[in-house]
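We will go stop by stop.

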Amino acid sequence: MKILLLALLALLAGTPFYGLGNYPLHLVIMCLLWGYVYTSWSIMGRLGLVSFGHGAFLGIGAYSVVMLWNHFGVSPWIGAIAGVIVSALVAVIIGLPCFRFKIVGHYFALVTLALSEVTRLIIVALRDQTGGSLGATPNTALAQGNAWSLGALQFSDKVVWFYAILVVWLAGLWVWAKVDRGMTRLALEAISHEEEAAASIGINVTRSKLFVTLISAVMTSLGGVLYAQYQLYINPETVSGIGISLQMVFGVIAGGMYVMLGPTVGAVFTLLLAEGLRLALGDAFKQFPALDLAVYGLMLVLFIIYLPKGILGTALEALNKRGPAAR
Amino acid sequence: MEVFDIFLLEAVLNGILLGGLLALLSLGLNLIFGVIDVVWICYAEMIMIGMYAVYALHVQQGWPLLAAMAAGIAIVALLGALMHQFIIRPVLSAEPINQLLVTGGVLFFLQAAATLAFGIEFKNLGVKLPPVAIGEMSFSMPRIIAFVVAVAGVAATYLFLTRTYIGTAIRAISQDREIMPLVGVNPGRIFVVTSALGGSLAGLSACLLVLQYDIHPAIGLSFGPITFLICVLGGLGNMLGGLIAAFIFAQFISVGGFVLAIEWGYVIAFVFFIAVMFWRPQGILGGK
């Protein structure tokens, strides 16, 4: 199993050399980037903390770097640190009272939903600085024929981005596995089943929840930084608010919340669904601009009713049933 | 400063008008939550479907406006019943968060279906009603109509719930879900009726919104969040709490939007919501 995974990884790492062209490489990068962001979400989501507010962290990360760079010329490296600090603060400000006052389930989802909307609205309201709904573009550092600028974290070559995001994605999976094997996961699983009982055997509920929330928020905000620097364009709808927050949740559900590669599979599935329909329908696709979203919505409903473990979760389960060799 | 005050008064009065509409918006969602214990994340999208239904029948098919609105209400009511039968019923015994998520899938689907059917361009009914001037203040006619109809809708729902047999059964089941089958009430039927009622309230909201706003497939996202937050602020399932919360929110939006900018009004309302959740997680009138 391990050898198979390593072989797949080697195959993935060679992607830029297969002569795929720019657009397919872009798709792979997007799969990895969203795979990383979805993985970040699932670190807390799988433990019963279903957040509808991760658009807030993504938006804070993205707008911190771009605003600091455009208005003050602060390098995105420092901007990223600022974004992470702000995200961590917001996570504590929202998380601490939520966990202390036992806001769970629907209520937690809706409080975090309010958080992501607050972030989006603040970005829109500060339109003189942020460009409002029109979005913002980082000032380019690639004038005079420079192909890259490390200080400004801008690279015109997609291959650089591919490897950078591949490494970040792997790091995200590593953190996921680390949390998966740690005591906190066991504690949080106990908490998500029966909070009172968990507390009564000495689990510090608030601290355990805050721990995964902080990890998840910080990772998501780094995802926002990468998104902004890679796309070189952000707008409030694509990096914050209810739309993107729900997209994260559903990507993870579609892929499988409880397995390490589930969120990534969800990201690949979502992106390939649109591409697949585009290829299958050809020109007709242009006449049905939201067909992929319609199929996606329908499949989500069916998944949650019939495959609550997601694509990968269900597939792995079926494999395990057939042959006890795996695991 | 006298001029300032009259505009502030105008903002407050506009807030009251908005409050009536928000109260109606949140009522259907609250009713469904109170009875079935499920949050329809796609509730605002059902309202959007209602708006498109009125638009399609009135503008494209040439129906009289009132007939188109009546049909719009019926369509969304039917949609509500179907939603329960085919989407909610299979997950009734699943984890609560799955029930929330499944309606999120419906949200994407309805948005996409509307885009497929009507495109992403903004549509409107083309009905222009003159504003009403009172002294130096002026109020938009559709807002006044919306307020009056919304209050009437809330009152009618109240009468239905308190004066009819099925209304009483609905209230009873929201108080004790286990005991009702024992006294001969069929919860499955009550759930469908409640979903249809919630849908018809969404349809009524759609008729009022379509007079004021342009329609586009993502419009649900612009008033969906505020609707959920009102329900939660009032105590999910607590209809009186929802009404009060609607008027509080409307004042934040209207006065906050007047003093600062419209987005700041929403920001203040949402921050207020988060703060209240920490102080009273069960909502301002929640009992549990």
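## Stop 1: A charged pair in chain B

Select E121(B): at 47% relative accessibility, it counts as partly exposed. Keep in mind that this is a predicted model. E121(B) and K123(B) form a salt bridge, and their closest N and O atoms lie 3.9 Å apart. K123(B) is buried, because its relative accessible area is 16% and the cut-off for buried is under 20%.

## Stop 2: The other salt bridges

How many salt bridges does the structure hold over all chains? There are four.

Move to chain A. Select E117(A), R120(A) and E237(A). Salt bridges that share partners tie these residues into one network. Zoom in on E117(A) and R120(A): the closest N and O atoms of this salt bridge are 3.1 Å apart. Both residues sit in helix α5 of chain A, three residues apart, so about one helical turn separates them. Are they buried or exposed? E117(A) counts as buried, at 3% relative accessibility. R120(A) also counts as buried, at 15%.

Next, select R46(A) and D180(A). They form a salt bridge, with 2.9 Å between the closest N and O atoms. This pair links distant parts of the chain, 134 residues apart. R46(A) is in the loop between α2 (22–45) and α3 (54–72) of chain A, while D180(A) is in helix α7 (residues 158–181) of chain A. R46(A) counts as buried, at 8% relative accessibility. D180(A) counts as partly exposed, at 21%.

## Stop 3: Where the chains meet

Color the two chains differently.

Select H106(A), Y107(A) and L110(A). In chain A, these residues lose the most area to chain B, together 18% of what that side buries.

## Stop 4

Select α15(A), one of the helices from the last stop. Its 16 residues should span 22 Å at 1.5 Å a residue, and its end C-alpha atoms are 22 Å apart, which agrees. Buried residues in α15(A) include D292(A), Y296(A), L300(A), F303(A) and I305(A).

Switch to chain B and select helix α2 (residues 43–60). This helix has 18 residues. From its first C-alpha to its last, α2(B) reaches 25 Å, close to the 26 Å expected at 1.5 Å a residue. Of its 18 residues, 15 are buried, so α2(B) is largely enclosed by the rest of the structure. Go on past its end. G62(B) follows α2(B) and has a positive phi, near 75 degrees.

## Stop 5

Most residues other than glycine have a negative phi. Two stops here go the other way.

Select D37(B). Its phi is positive, near 70 degrees, and it is a residue other than glycine. D37(B) lies in the loop between α1 (2–36) and α2 of chain B. It counts as partly exposed, at 33% relative accessibility.

Select L232(A). Its phi is near 55 degrees, again a positive value in a residue other than glycine. L232(A) is in the loop between α10 (205–231) and α11 (236–239) of chain A. At 27% relative accessibility, L232(A) counts as partly exposed.

## Stop 4: The nonpolar core

Finish inside. The largest nonpolar core has 186 residues. Which members touch the most other members? They are W34(A), F52(A), I234(A), W40(B), I47(B), F249(B) and F273(B).

Center on F249(B). Leaving out residues up to four places away in sequence, F249(B) touches I226(B), L229(B), I230(B), L233(B), A269(B), F270(B), F272(B) and F273(B).

Terms used:
Residues numbered from 1 in each chain as written. Chains lettered and ligands numbered in written order. Predicted model: local features only at pLDDT ≥ 70, side-chain atom pairs only at ≥ 80, totals over all residues. Heavy atoms only, no water. Core = buried A, V, L, I, M, F, W, Y, C linked by side-chain atoms within 4.5 Å. Buried < 20%, exposed > 50% of the residue type's maximum accessible area, 1.4 Å probe, protein only. Contact = heavy atoms within 4.5 Å. Helix = DSSP H or I, 4+ residues; strand = E, 2+ residues; numbered from the N terminus. Expected span 1.5 Å × (residues − 1). Buried area = accessible area lost by both parts, 1.4 Å probe. Salt bridge = Lys/Arg side-chain N within 4 Å of Asp/Glu carboxyl O.
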